[in-house]
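Kindly read each point alongside the coordinates.

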Amino acid sequence: MTKIVEILSAAEIRRTVTRMASQIVEKYGNLDNIVLLGIYTRGVLLAELLANQIEVLEQLRVPVGALDITFYRDDLDQVGMRTPEKTKIPFDLTGKTVVLVDDVIYKGRTIRAALNAVIDYGRPETIGLAVLVDRGHRQLPIHPDFTGKKLPTAKEEQVKVYLEDLDGRDAVELLSPIS
C-alpha cells in the first residue's frame, strides 16, 4: 500500500512557476541571450510554462528547446532502456545563457547527463538549472539555481509530478510506502 499526499495543487504549481519565472528574469536581467532547455518529459512542459510566464512578465518570448538525455545516462542498466525522444534545439547554444528545466531533482545524475548532452550542441556562456521540486539525496555536487519547492524525502518515497498537457491535471504528490 502507498500513502499519497498532495504537495502542490494546480493553483500552487501556477504560483510556483510564476515565482520561478520572476526569479529567472531578476537573475539574468537582459533576456536576449537566454534559452530554456526542458529535459524530457515533464521538464519540456515546465520550460514552456516558464517561457509563457516570462512572456507575460516581460513581453518577450524566450526560446525553448527540448533535450533528450537517454544516451547520456550512466544508469541505463538500472532504469532500463526506453524509446528516446528527439532532442529539439532550433537555435545555437554557443554563447547563450542556458537554463535547464526539469520537474524533480534527486540524485543529480539526470542533470549530469543533461550537462553532457548540452555540450554536444554548443558551448553556452552559462548554464543554470530550474527544477519544480528538489527532494534532496544528491550523489553529485549539483544544485538548482531556481527551485519551486524543497521537499525533504526519505529514499523509499517517490515524488510524482502531473502536468495538464500530459497527465490531464496539475499536481505534485509524495508517495510513501505503508508497511
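1. Leaving aside residues up to four places away in sequence, Thr153 touches Arg135, His137, Val159 and Leu174; contact here means heavy atoms within 4.5 Å. The Thr153 side chain also forms a polar contact with the side chain of Arg135, at 2.9 Å. A polar contact is a pair of N or O atoms within 3.5 Å; within protein, one must be able to donate a hydrogen and the other to accept it, and residues adjacent in sequence count only if both atoms are side-chain atoms.

2. This is a predicted model, in which local features need pLDDT of at least 70 and side-chain atom pairs count only at pLDDT 80 or more, while totals for chains, interfaces and linings use all residues. Residues are numbered from 1 along each chain as its sequence is written, and side-chain values use heavy atoms, with hydrogens and water left out.

3. Thr153 sits in the loop between strand E6 (146-150) and strand E7 (158-162). Helices (H or I, at least four residues) and strands (E, at least two) are DSSP runs, numbered from the N terminus. Is Thr153 buried or exposed? Thr153 counts as buried because its relative accessibility is 10%; buried means under 20% relative accessible area, exposed over 50%, and partly exposed in between (1.4 Å probe, protein chains only).

4. Strand E7 belongs to an open sheet of three strands, in the order E1-E8-E7 with antiparallel pairing; two strands pair if DSSP finds at least two bridges between them. Strand E1 (2-8) and E7 each have a single partner strand and stand at the edges, so one side of each lacks a neighbour in the sheet. On average, neighbouring strands of this sheet are turned by 25° against each other, direction ignored. Axes are lines fitted to C-alpha atoms, for helices over the stretch in contact, and angles run from 0 to 180 degrees between N-to-C directions.

5. The bridges can be followed residue by residue. E7 is joined to strand E8 (residues 171-177) by five bridges; Val159 has Leu174 in E8 as its bridge partner, and Tyr162 stands opposite Ala171 in E8. Between E1 and E8 there are six bridges, and Lys3 stands opposite Ser176 in E8. E8 is mostly covered, with six of its seven residues buried. Helix H1 (residues 10-28) lies across E1, E7 and E8 and runs at about 45° to E1.

6. Helix H2 (residues 42-58) has 17 residues and reaches 24 Å from its first C-alpha to its last, close to the 24 Å expected at 1.5 Å a residue; the expected span is 1.5 Å times one less than the number of residues. Its buried residues include Val44, Leu46, Leu50 and Ile54. The buried residues of H2 pack against H1, strand E2 (34-39), strand E3 (64-67), strand E4 (97-105) and strand E5 (126-134). Gln59, with a positive phi near 55°, follows H2.

7. Leu57, in helix H2, is partly exposed, with a relative accessible area of 32%. Not counting residues up to four places away in sequence, Leu57 touches Thr18, Ala21 and Ser22.

8. An unreviewed UniProt entry annotates residues 98-110 as "short sequence motif: PRPP-binding"; UniProt positions are given in the numbering used here, feature names are shortened, and annotations may be inferred rather than shown by experiment. The span is 15% helix and 62% strand, and its end C-alpha atoms lie 16 Å apart.
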